[in-house]
Amino acid sequence: MSAKQIVRNSACLNTKSIGPKPKMLPVYKDYLPPCNQHCPTGNDIQGFLALVRDLEFKKAWQKLVINQPMPAIHGRVCYHPCEISCNRAHTDSPVSIQQVERMLGDLAIDQKWAYPTVNEETNRKILIIGAGSAGLAAAYHLRLAGHQVEIRDANPHAGGMMNYGIPAYRLPRNILQQEVEKITDMGVKLTLNHKVTDIVAEKEQGEFDAVFLAIGAQIGRHLKIPMEDCGPIMEATEYLNLVGNDQGPKLGKRIVVLGGGNTAMDTARVAKRLGAEEVMVIFFSDRNHMTAHEFEADEAEAEGVKIHWMRNLTSIHGTEFTMDIMALDENGDAKPTGEVETLKADAMVFAIGQDIERQLLSGVENVELTPDGCIKVNEYMMTGHEGIFAGGDMISSSRSVTTSTGHGKKAARNIDAWLRGGVYLTEEKHQVVTHDMLQLWYEIDSNRNPINEVAVAERVKDFTEVVQGLTMDQAVYEATRCYSCGNCFECDGCYGACPEQGAIIKLGKGNRYKFDYEKCTGCQACVNQCPCHAIAMSPVSDIPFTLKK
Ligand SMILES: Cc1cc2nc3c(=O)[nH]c(=O)nc-3n(C[C@H](O)[C@H](O)[C@H](O)COP(=O)(O)OP(=O)(O)OC[C@H]3O[C@@H](n4cnc5c(N)ncnc54)[C@H](O)[C@@H]3O)c2cc1C
Ligand code: SF4
Ligand code: SF4
Ligand code: SF4
């Protein structure tokens, strides 16, 4: 051993020495990227993007379906909170994560890739009530764990709101059906046209060991206002349900949709496609207060839907709709100004929210409600009734396909643990890596691909899918835009920056690197250049290592 190394080693050992003593040494770390943190299904986004970058498409899809089985669906309808939080957005634009996911989902359908092999049969039976995204996701994860699963649904088609809410121009039904089929192909039994009215009786008669309730929130809310001699009045869920069953009603030439959420925007856009000449949305506040996503309102307006902001509907007489003109007060609340306005319309659709069907739960002992009228579950997704779990829109949460899919996964893991006599324990999450923690010392000029859409004049003619996916090349390009926030992607930057020969050892593709602390001086050059913040300096006393004799 050289004199230099003896000095270094004794410094690390914190014994007496004559040279400089590094107090801190580098360690490779794994952080949590914000995209992953914000995906309600817990997708390993960075992981599947890295595989796409390496052209390993099947492996990328396999990584995706560890967490959620419906990438072609989520690649179309998810509100992609992953992209909203993507660190790359601070540089130019977020990685098009959702579109890459869609490409993989479509490829899996095309190539008929099968889900992972089901575990050894457990001979335990689970009844799932509701074949929406929560029920389907739970069925997938429970079946993978080796349980017998049956889903019962009141409707003639599976998919819940994905079939009876989200219009086909955003989610083509053949895509939905094919991902549902993939789940039933695993051996999940799907019984349609079966409305459950007595949960406990069906559980006992079918000898089920557990039940997962996923009946959604299907009851459209109504507003009590004076209405006289008016045309057809419907609720959005009822209207879209008819559309989902290919019986979309033509309510009239001029249609009003009441509400400011995504359902209102979809209902208006559907009415346009069904031939209404004039479609108007009435919303009591301004754009900043609508619950619809910005893009949903933009697309509705682009398609010719007129949104009457700051108008509160007060009565309908024949074809005359009377509205208070509203103004925001100092707290930002919409208040009537005393002035009124009228418009003419032939029919109206309420799109002011949905409630859950509580009737089904009324006879089930110990099931409690939350203050917002949803079903109360504990941290293990179990209701107050032992063995009956719930998730999706019927429990308190932000209502979306992806949140419900995430609930399905979480419930399945908890049901599985409960059936095995334990509880499901989650691992502690790593620290999140934020944009300011990255060392982006290099120049980049690679904005994201624009998302192609069918031209407005064309798309309003029918239910053709509006958003066109990325080509495989574009998806690969998007994957290469990922910074790999917080996790080493073997760029060799640290290796190249290290002034001490042999202080960083390459372990071969996929195995990253390791430090040789006998040679490392703790100069921090590797840390300072690591673009993805996968190395951190740590006190010497916290690093376990053995010195050579
Ligand atoms: C118009 C509209 C557009 C939307 N757009 C989007 C979007 O773009 N992106 C997004 O993420 N989210 C969107 N959402 C929200 C999303 O669709 C829901 O949050 C999600 O699908 C709910 O899933 P779920 O499984 O909890 O319930 P649901 O999808 O509602 O499924 C419940 C199922 O239970 C069945 N059921 C009910 N009662 C019984 C019973 N007694 N017996 C047997 N079966 C029963 C129903 O038939 C149904 O199939 C939209 C919602 C609407 C209404
Ligand atoms: S499911 Fe949604 S949030 Fe999750 S990775 Fe896909 S697009 Fe992003
Ligand atoms: S750059 Fe990549 S790892 Fe970082 S947040 Fe975006 S998608 Fe996730
Ligand atoms: S650059 Fe080399 S010597 Fe400097 S801290 Fe990193 S591994 Fe140690």
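This is a short chat about a predicted model and what surrounds its ligands.

Colleague: What are the ground rules here?
Modeller: It's a predicted model, where local features need pLDDT of at least 70, side-chain atom pairs count only at pLDDT 80 or more, and totals for chains, interfaces and linings use all residues. Residues are numbered from 1 along each chain as its sequence is written, chains are lettered from A and ligands numbered from 1 in the order in which they are written, and side-chain values use heavy atoms, with hydrogens and water left out.

Colleague: How many helices and strands does the protein have?
Modeller: The protein has 19 helices and 20 strands. Those are DSSP runs numbered from the N terminus: H or I with at least four residues for helices, E with at least two for strands.

Colleague: And what share of the residues is buried?
Modeller: 52% of the 549 residues. Buried is under 20% relative accessible area, exposed is over 50%, and partly exposed is in between, with a 1.4 Å probe and protein chains only.

Colleague: Switching to ligands, which residues surround ligand 3?
Modeller: Pro-33, Pro-34, Cys-35, Gln-46, Leu-49, Cys-86, Asn-87, Ile-97, Cys-482, Tyr-483 and Cys-485, where the cut-off is a heavy atom within 4 Å. Helix H2 (34-38) and helix H3 (45-53) are the elements giving two or more residues to that shell.

Colleague: How does the shell around ligand 3 divide into nonpolar, polar and charged?
Modeller: Nine nonpolar, two polar and no charged. Ala, Val, Leu, Ile, Met, Phe, Trp, Tyr, Cys and Pro count as nonpolar, Asp, Glu, Lys and Arg as charged, and the others, Gly among them, as polar.

Colleague: What about the residues around ligand 2?
Modeller: Among them are Cys-39, Cys-78, His-80, Cys-82, Glu-101 and Thr-402. That shell divides into six nonpolar, four polar and one charged. Helix H6 (81-84) and helix H7 (97-111) each supply at least two of its residues.

Colleague: What follows H15?
Modeller: Gly-421, with a positive phi near 85 degrees.

Colleague: Last topic: what's the strand order in the open sheet?
Modeller: E4-E3-E2-E5-E17, five strands with parallel pairing, and a pair needs at least two DSSP bridges. Strand E4 (189-191) and strand E17 (388-390) are the edges, each pairing on one side only.
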